[in-house]
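Work through the exercises below with the structure in view. Try each task before reading its solution.

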Amino acid sequence: MSSEIMAAYWQAPPMARTLATAILVTSIMAYFGPLPISWIYFDESRLFKLPPEIWRLVTSFLLSSPQLGIVLDPYFAYLYLGQLETSNPKFQRKEDVLWYLITVGGFIIIVNRIFLGGYFFLQGLIIALCYTAVQDARGAKSNFFFFTVPAQLIPYCMLLSSLLMNPAVIPLQITGILAAHWHDFMTRLWPEFGGGSSLLPTPAFLSRFVETPRVFRREYGTAIRPGSGAPSTGRTTGASTGSVLPDSWRTRGSGHRLGGD
């Protein structure tokens, strides 16, 4: 049984798998273990110390909501990032997904630190991933609580649910939607309707960073990965938006501020 679980784990989309694992491990260690929260929250002044604490750019996105959020937040981060990584036509390469995380995450940090003063940003990232993932699911239906709604409205249903259950997290979620919409404008809307090229092209160095061996093995044989300039011959279908059972749980848990309850 354990070998089957590990096999399924390693066959999952690598970026989604890594992010979900990092959220789960960081949250467990912060809430129940030896990891002080003071080591992982974001504070721009600590980026300029010697040595600079640059890990905070990442760890500020890795603390989940408490209690049930320790399980749900990694799940939804995995679900939506996995959809971007495997089945979204905007992201043809892994480096495109990584560049999305960097730029959208940077937008969320800047807006929150200037206007809201937040220290942790996972809820903003999750709703940004959701917004981007469902934009290409127009016409599909998804369940939210007891209602069936168009898939592209799920992020706004999440905001409405937060208004009823946890209003404090709404500003952070709004910055996530703004970040995802900004990325969509810069990379898709402007090239398509403005007649220009992408305003956020993926840097070439990221291609070298995520480069994988050209030949890799699968259980059913050996596959040859095309060169970096060759078009993709197919994509793995991600989880269906309309088939996700626990959509109604998406907004549970609160955002985090340093020193909060």
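**Exercise 1. Find what covers the buried residues of α2.**

Solution. Start with the cover: α1 (2–11), α4 (69–86), α5 (94–116) and α6 (122–134) are among the elements over the buried residues of α2. Helices (H or I, at least four residues) and strands (E, at least two) are DSSP runs, numbered from the N terminus. Next, list what is covered. Met15, Ala16, Arg17, Leu19, Ala20, Ile23, Thr26, Ser27 and Ala30 are buried in α2. Buried means under 20% relative accessible area, exposed over 50%, and partly exposed in between (1.4 Å probe, protein chains only).

A note on the model: it is predicted, local features need pLDDT of at least 70, side-chain atom pairs count only at pLDDT 80 or more, and totals for chains, interfaces and linings use all residues. Residues are numbered from 1 along each chain as its sequence is written, and side-chain values use heavy atoms, with hydrogens and water left out.

**Exercise 2. Compare the span of α2 with the expected span.**

Solution. Helix α2 covers residues 14–32, which is 19 residues. The expected span is 1.5 Å times one less than the number of residues. For α2 that gives 27 Å, and the helix reaches 27 Å from its first C-alpha to its last, close to expectation.

**Exercise 3. Decide whether Gln152 is buried or exposed.**

Solution. First place Gln152: the loop between β2 (147–150) and α7 (154–165). Then read its relative accessible area, 16%; Gln152 is therefore buried. Last, list its contacts (heavy atoms within 4.5 Å). Beyond neighbours within four places in sequence, Gln152 touches Val134, Gln135, Ala137, Arg138 and Gly139.

**Exercise 4. Describe the whole protein.**

Solution. Count the elements: nine helices and four strands. Their order is α-α-α-α-α-α-β-β-α-α-α-β-β. Of the 261 residues, 44% are buried.
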